Amino acid sequence: MLLVLLAVAVLLISPSFCSPEALFHQNSKRQAPPDQFTGKPSAPTLQWFPCYPDTFPQPECARLEVPYDYSKPVPGDIFKLAIVKFPADRTVPYKGIQFLSFFNPPFVESIASFPYPFTQGLLAGYDLISWDPRAVGHTEPGLKCFADDTAQAAYAEYLFSDQFTPYGGFNGTFPATDKNIKANIKSVTDTFKKLSDGCVTYSSNILPYMGTADNARDLHKIVSLLPAGQKIMTHYGPASAIGLTYAAMYPTGFDSMTFDGAINVEELYATGLNSPSAVQDGDKALQMFFDSCAAAGPNTCDPTTNFLFCPSYGCYFWRPTGKEVKARYEALKAKFYFKPLKITSALDLPALFQGLVARVSKALLEIESGSAFPLGEVEFFSDAFPHEVAAYDRILPCLDAKSVIRSTDGLVAHMKLMNKTSSQNGLAVAAQEAMCSTFPRNVNLKHRFTGDFTTKKHNAMVFISNTADPEESRANARAIASRFANARFITVNEFGMTSFFSGYSACKQNLLDNWRITGVLPPRNSVCNDVVAGPFNGGYA
């Protein structure tokens, strides 16, 4: 994700406030795991080879050749899909194959580094398979938008420098005026245009074949090459676009399918999923952060103590009431919004990763006090989310959407509406619309999805949604679930981006386990209220 697009959900701190250790840590590069696919042979069938030797259980990998265009294959015009498979636990009865797509592509590295949640319990009897979709991750050829790595790094550094004002930053004026909103939109869209034009320059041969519908065709190809037996699929967050499209195109090509935090894929294909309905629960999640901080009480640790050695889960940014925490936050945001060093803010992370909110509250304290502690949280978040350009995430929605806003007046109205809907991440999502407004009109998918989601007979499907998901709203998930006549819907009364990143719900798990054991779908419109909400374990009513 291009973190600079978080706009209002970004806090800025002057580099002079950072310790030398923090600056060194922030600018150091993460070590990527050894490439498991380069140099390995590819084939039009699944030829498995050992990979990721340091992972347990050790998986197998394959490089599957698929044509750019399934309707008119051309020799040599192929993607080599990177696929990973974790074998089923041989100590339990074999059940079949589980396909997993987890949030934003690529999927292989994230699954290979953390397979545990998907290989235990009732899932232990399944082989676990995931893959990198077209043009991303270890799949070749990859999307190329810059002449070389140096040019890409320079672009990323510019986005995170004080020379660039993020979408909604209004060129240094706070709050906004009509004049500086338009100036900000022009500045940002001109910057994004450099990215989209670069993608066209260096990847014009593959862009028409990168759409979600073709990714669904690839999934069907993988399924067709595997042994007969039960096939179940699980899709989280944005990755649900592939699963929903697959379900519409191949309604009997799976035995069961689970969506956790589903997007409204119909809206994605129409206008790019950048509407207020996507983010309408964002401020609800943010309010949970404020209220839970107050309920948790103040953190009792010395703030200069390394977080890992602090047993307290209280809130470093504490005030007696949620209203006072919010006021403290808003004052901090207004003070530091236009300083040069950008870090991920407390607005986005609590809604994504529940266990990180105590760290976020400490980062806020560091910023407020004007000093980043050595080995502190400003340093932690700067390292955890380094300066990168996630071009694939930005380009794919522009390809999938049938129409986008092109005019400045249209973008102004859209920006205002999105920010009004969610001060948490409305502008972050609105920025994608600005990105697509600059995408060349003459670049189109060869095979855009033109089907529907209402007339298909399909196998078992279950949708799960939190009441306060900041990016995949419950309303959007319900809207797309209603298109599948026999689908079931589970609401978890909790906050977070999918139930994976929220508190544990025994109610939800029991509903899923019973379905997997008996084959009986959960009751329609099931509701789970058993999560002790509140990210600091302080409770949220």
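I began with helix α16 and looked up its neighbours: the buried residues of α16 pack against α4 (178-203), α7 (265-271), α8 (276-279), α14 (391-400) and α15 (408-421). A reminder to myself: this is a predicted model.

Next I asked how many of the twelve residues of α16 are buried. The count came to twelve of the twelve, so α16 is largely enclosed by the rest of the structure. I noted some of the buried residues by name, among them G426, Q432, E433, M435, C436 and S437.

I then checked the length of α16, which covers residues 426-437. At 1.5 Å a residue it should span 16 Å, and I found its end C-alpha atoms 17 Å apart, which agrees.

On to the strands. I looked at β3 (residues 60-67) and found six of its eight residues buried, so this strand too is largely enclosed by the rest of the structure.

Which strands does β3 pair with? I found two bridges joining β3 to β2 (residues 49-50), and these strands run antiparallel. Eight bridges join β3 to β4 (residues 78-86), again antiparallel.

I followed C61 of β3 in both directions. F49 stands opposite C61, and in β4 the bridge partner of C61 is V84.

Last, I stepped back to the protein chain. I counted 18 helices and twelve strands. Of the 541 residues, 57% are buried. Among contacts with a separation of 6 or more, 76% are between residues 24 or more positions apart. The chain exposes about 21900 Å², and carbon and sulfur atoms supply 55% of that area.

Technical notes: Residues numbered from 1 in each chain as written. Predicted model: local features only at pLDDT ≥ 70, side-chain atom pairs only at ≥ 80, totals over all residues. Heavy atoms only, no water. Buried < 20%, exposed > 50% of the residue type's maximum accessible area, 1.4 Å probe, protein only. Helix = DSSP H or I, 4+ residues; strand = E, 2+ residues; numbered from the N terminus. Pairing = 2+ DSSP bridges. Expected span 1.5 Å × (residues − 1). Contact = heavy atoms within 4.5 Å. Areas by Shrake-Rupley, 256 points an atom, 1.4 Å probe, with all protein chains shown as cover.
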